[in-house]
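Morning, everyone. I'll take a few minutes on one structure. Please have a look at it first.

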Amino acid sequence: MSTTKMATTSNYWEDLRKQARQLENELDLKLVSFSKLCTSYSSGNQRTRDSRSDATGSCHDNMLVAMTTELEQLLSKLTAVNDKMAEYTNTPGSSSHNAALMHTLQRHRDILQDYTHEFHKTKTNFFSLREREDLLGSVHRDIESYKSSSGVNNRRTELFLKEHEHLRNSDSLIDNAISIAMATKENITFQRGMLKSIQTRVTTLANRFPAINSLIQKINLRKRRDSLILGGVIGVCTILLLLYTFH
């Protein structure tokens, strides 16, 4: 009877882990699609601000709202599964394997935290970009309305409009550069979270085997060096892009 009960509780724990992994895989795919959709919204809006119809914009907005809702539901489900796993670790029958269970639970909690942070950050960046796009579009429409209603043909107004177009093109280049930089940063941040989870498990093994610990130290030194090199390259590219834009 006791053996049957232990088998049942073990199966329950494995079912929870299976649900957690499935939700994590779904979230991973959805977050990548969500980030691409937000980026395409900004780029497409820059190129087609004058020609994009209200119906097209509304369709894009509806897709973003639907994906946001779906991601929130997946995060809520994964949170609920993690809570159930936490409750299981506190049951009397799991005390003999409590250390291993807590380690697994902490790993799933770290993944949930990374996904939640990435989702909220991407959503916040998207809404900020959309507000900026709406403001620029409103200014552009006001200028076009003024041109069509007054029929201005004097030289001063033409120069002003040309200067505004030049500034708008420069702003578009800067926004594209910022979008690329943000997407790169978010991808690096996500990879860092995954590597952090792997590093935790490797550190546990390193404490048992000194040779592995020495290898990890060498890897960490090389990783810090690569981070410095990558940061320098990004900084130089950004400076060159800004110099090219304003000259």
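This is a predicted model: local features need pLDDT of at least 70, side-chain atom pairs count only at pLDDT 80 or more; totals for chains, interfaces and linings use all residues.

Let's start with the rings. How many aromatic pairs does the structure hold? Three. I'll talk about two of them.

Take Tyr12 and Tyr88. Their ring centres are 6.0 Å apart, and their planes sit at 50°. That angle falls between 30 and 60 degrees, so the pair counts as tilted. Now look at where these residues sit. Tyr12 is in helix H1, residues 2–47, while Tyr88 is in helix H2, residues 54–89. They are 76 residues apart, so to speak of this pair is to speak of a link between distant parts of the chain.

Next, Trp13 and Tyr88. Here the ring centres are 5.2 Å apart and the planes are at 25°. Stacked or tilted? Stacked, because the angle is under 30 degrees.

Ring pairs link Tyr12, Trp13 and Tyr88 into a cluster.

Are these residues buried or exposed? Tyr88 is buried, at 10% relative accessible area. Trp13 is buried too, at 5%. Tyr12 is partly exposed, at 39%.

Now the surface. Which residues make the nonpolar patch? Val236, Ile239, Leu240 and Leu243. The patch covers about 380 Å². Leu240 lies in helix H5, residues 210–246. Its relative accessible area is 51%, so Leu240 counts as exposed, the cut-off being over 50%.

Key
Residues are numbered from 1 along each chain as its sequence is written. Side-chain values use heavy atoms; hydrogens and water are left out. Patches are made of residues with over 30% relative accessible area and no salt bridge: like charges are joined within 9 Å, nonpolar side chains (Val, Leu, Ile, Met, Phe, Trp, Tyr) within 5 Å. Accessible areas come from the Shrake-Rupley method with a 1.4 Å probe; for residues, only the protein chains shown count as cover. A salt bridge is a side-chain nitrogen of Lys or Arg within 4 Å of a carboxyl oxygen of Asp or Glu. Helices (H or I, at least four residues) and strands (E, at least two) are DSSP runs, numbered from the N terminus. Buried means under 20% relative accessible area, exposed over 50%, partly exposed in between (1.4 Å probe, protein chains only). Rings of Phe, Tyr and Trp (its six-membered ring) pair if their centres lie within 6.5 Å; planes under 30 degrees apart count as stacked, over 60 as edge-to-face and the rest as tilted.
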